[in-house]
Amino acid sequence: MRRRAADYRRPVRRKFSVWIWVLLGLLCIAGFIFLFFLQNQEFKDRVEQPILDKKSRTLQFPHTNQNLTDESANPNSYARQLLEQMTLAKAYIVIAKEHSNHHLAWELTSNIRTCQFLLSKAAMKNTQMTQQEAQPLIKTLSTLIFKAQESHYDIATTIMTMKSHIQALEERANAATIQSTLFGQLASESLPKNLHCLNIKLLSNWLTNNTLHHITNEIKNSPKLLDNNLYHFCVFSDNLLAVSAVVNSTISNTLHPKQIVFHLVTNEANYGAMQTWFATNNFKGCTIEIKKIEDLTWLTPSYSPVVKKLTKPEFRAYYFQGSLDNEPKFGNPKYVSLLNHLRFYIPEIYPHLEKVIFLDDDVIVQKDLTPLFSLDLHGNVNGAVETCLESFHRFYKYLNFSNPVLSSKFDPQACGWAFGLNVFDLVAWRNANVTGVYHFWEEQNSEGVLWKLGTLPPGLLAFYGRTEPLDRRWHVLGLGYDMNIDNRLIESASVVHFNGNLKPWLKFGIGKYKVLWEQYVNRSHPYLLDCVVN
């Protein structure tokens, strides 16, 4: 056979050097050793993790004297550790039952019950949980949780179960929040028993004591009621002690109490008690006139749209049957009380007056308010403190600007203001026919499409472009719901307002603010003492 030419010969295969083979062998051996070490380390981590976890959960930390709530917020407390383990154990109970591991589920449930018993015991005693009580249970739960983790429950299943638990807890928390809001609203609407008792005793005195009737008749004919050189204040309320605190705080902080005239309007049920109280107590020579709303015979459904709406059967059903869009605050009786709307009829109730200061019954006056009567309102009708430092108090938060009737005439970003302390120029009011403007918007809202309930939304519309901003220190709000108001702001305020559900005459009022109100209540009155004791 002929040999191929040199150019076409098959290339000769060269053998690798022995050293190269040795090097490759060493690298392979090193790789196997590394993989073996890595697998062994992972196994150790898995085995030792619950031990480390248990140790970490039973470390001794210095504990201070705390109740259970405070202790639960401390990440190093035994109560916090038990609560966390309980949450995880509950998730594994569900997973164990789904996988028919009933014995594990029973063990977890039994330990959770023991844990709940210890926590409730600590809560009842209002003491912290000790190491001796918590440590055995922490160890047992840690072992069971590790056992559950080893029972082939994959992480995806655990995550889904935890998500469902979180969702259920969020729903329960939301329901509890709504319920607490509703209960708070119901409590704020109530009147303490001792105040009911006081009203009954005063009314009994009014019915049997003819001298009181002579005193009130003299006040009705007093020329001071029409004297525009004096300082006139208006309060419309059926809460006797609240009105008394407003009057007492006003005259206690003025230089000339005898020049103060208070015009009060209440309902027939509280008229006799209020007349008796103000006739038998000393208010430093201040003149106090009291009317009842039933005597305002001109305030009829044919004249006032709000009276017409409040007397409609369907509106009463809307209110009393609780179909208020799940907003408990709209269940407050003040929204269907005509006393709450009398502020829009001040020029007609007092046709001879030229300027008044309107006060809500849940305010306390801390400084002299008479300088407000000489304040230049620059032709405006209403002097009020604006509340738009936060976006919540803009017009669009109170009114339905999706309706073209509003969006075409008002700025949704316009600044809101507050009722509670208002300086009203009644001459400018009559010239601008503000009450007529109020009637117009009440008629437009006959179906409740522009706003729901209350007096502030129609007030914002009626006084739009007619409100003079006052210095913020004249009127500080929020003492009926905000526990974090700056003390310096409260001290500098001329008027503090307990707007909100936590009224100062209620037991659950904010304690640090209640003293501002209680100092102006005559607790030495024999009727009040008798009602408190009995």
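Start by selecting helix 3 (residues 78-98) and helix 5 (residues 131-149) in this predicted model. Their axes, lines fitted to C-alpha atoms over the stretch in contact, come within 10 Å and cross at roughly 30°. Because angles under 35 degrees count as roughly parallel, helix 3 is roughly parallel to helix 5. Helices here are DSSP runs (H or I) of at least four residues, strands (E) of at least two, numbered from the N terminus.

Now move to Thr370, in the loop between strand 5 (363-365) and strand 6 (382-384). Is Thr370 buried or exposed? Its relative accessibility is 12%, so Thr370 counts as buried (under 20% relative accessible area, 1.4 Å probe, protein chains only). Select Asp368 too: its side chain joins that of Thr370 in a polar contact of 2.9 Å (a pair of N or O atoms within 3.5 Å, one able to donate a hydrogen and the other to accept it). Beyond its neighbours within four places in sequence, Thr370 is in contact with Tyr231, Thr254 and Ile260.

Finally, zoom out: the protein has 20 helices and 10 strands, and 43% of its 534 residues count as buried.

Residues are numbered from 1 along each chain as its sequence is written, and side-chain values use heavy atoms, leaving out hydrogens and water. Local features need pLDDT of at least 70 and side-chain atom pairs count only at pLDDT 80 or more, while totals for chains, interfaces and linings use all residues.

Key. Axes fitted to C-alpha atoms, helices over the stretch in contact; angles between N-to-C directions. Parallel < 35°, antiparallel > 145°, perpendicular 65-115°, else oblique. Buried < 20%, exposed > 50% of the residue type's maximum accessible area, 1.4 Å probe, protein only. Contact = heavy atoms within 4.5 Å.
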